[in-house]
Amino acid sequence: RRMRTRTRHPVNIAIFGGTFDPIHSGHLRAARAAARRFRLDRILFIPSGTPPHKLRDRLTPFPHRYAMVALACGADHRFEPSLLEAPKRNGKPHYSIETVRRVKQRLKTQDRVFFLIGADAFLDLPHWKQYRQLLGLANFIVVSRPGFRNGEIRKALPPEQVPARGARGASQAIRLRRTTVYVLTGVNSPVSSHAIRQAVRAGRSVTGLVPPLVEQYISKEALYRPGR
């Protein structure tokens, strides 16, 4: 009798990077909406150790930001904290194209990789390292916001990668040569990490703006307090 080989179903995995200083309810809301719409099996939450676009910013030390991400991910089995962009010993920055390549090396060819990103960050994509190659490595899920016009997304796309048939109009799925840029609407989250840090410094409550365990961690570690 011939033995049956167990075949693994293709995996849909999303990369969700950011400083997460701190991670908040808006991040989680966007991740859940993306997981529902695109049937994501896993979402890697990847705190940036040394983000190239914020080299001059004073970020909360990476161990704290990673700890908060790990606490927030515990509520959903699809969410996974990742150390892929932990600070390098040489202090050099991490680039998204390197992270995507490392993730793809661990997957099978039939698996699908998505890159979850906010609309404003996506518009800045042309300033990212090797952004043309990055667009060809992963499907993008662009989280829209109220007042954002989907047609703006095309301005960040290299014209040579957009087929002529899809060159007009504002669509929620823009097909490129190798990948697709999807627009995720309906995620209304006015929360921002900056506003949360300001609230903590002012002694105001952030209940509901961050997961309960993250709120407890911020309080216990006295993060974002004056003088920190």
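Me: Before we dig in, what makes two aromatic rings a pair here?
Reply: Rings of Phe, Tyr and Trp (its six-membered ring) pair if their centres lie within 6.5 Å; planes under 30 degrees apart are stacked, over 60 edge-to-face, and the rest tilted. Mind that this is a predicted model, where local features need pLDDT of at least 70, side-chain atom pairs count only at pLDDT 80 or more, and totals for chains, interfaces and linings use all residues. Residues are numbered from 1 along each chain as its sequence is written, and side-chain values use heavy atoms, with hydrogens and water left out.

Me: OK, how many aromatic pairs turn up in the whole structure?
Reply: The search finds 11. One involves Phe16 and Phe20: the ring centres are 5.6 Å apart and the planes sit at 85 degrees, so that pair is edge-to-face.

Me: Is Phe16 buried or exposed?
Reply: Phe16 is buried (under 20% relative accessible area; exposed is over 50%, partly exposed in between, with a 1.4 Å probe and protein chains only), because its value is 7%. Phe20 is buried too, at 2%.

Me: New topic: how exposed is Trp128?
Reply: Trp128 is partly exposed, at 24%, whereas Phe115 is buried at 6%. Their ring centres are 6.1 Å apart with planes at 65 degrees, so this pair is edge-to-face.

Me: And what sits over the face of Tyr95?
Reply: Lys129 does, at 4.6 Å from the ring centre. That label needs NZ of Lys or CZ of Arg within 6 Å of the ring centre and within 35 degrees of the ring normal.
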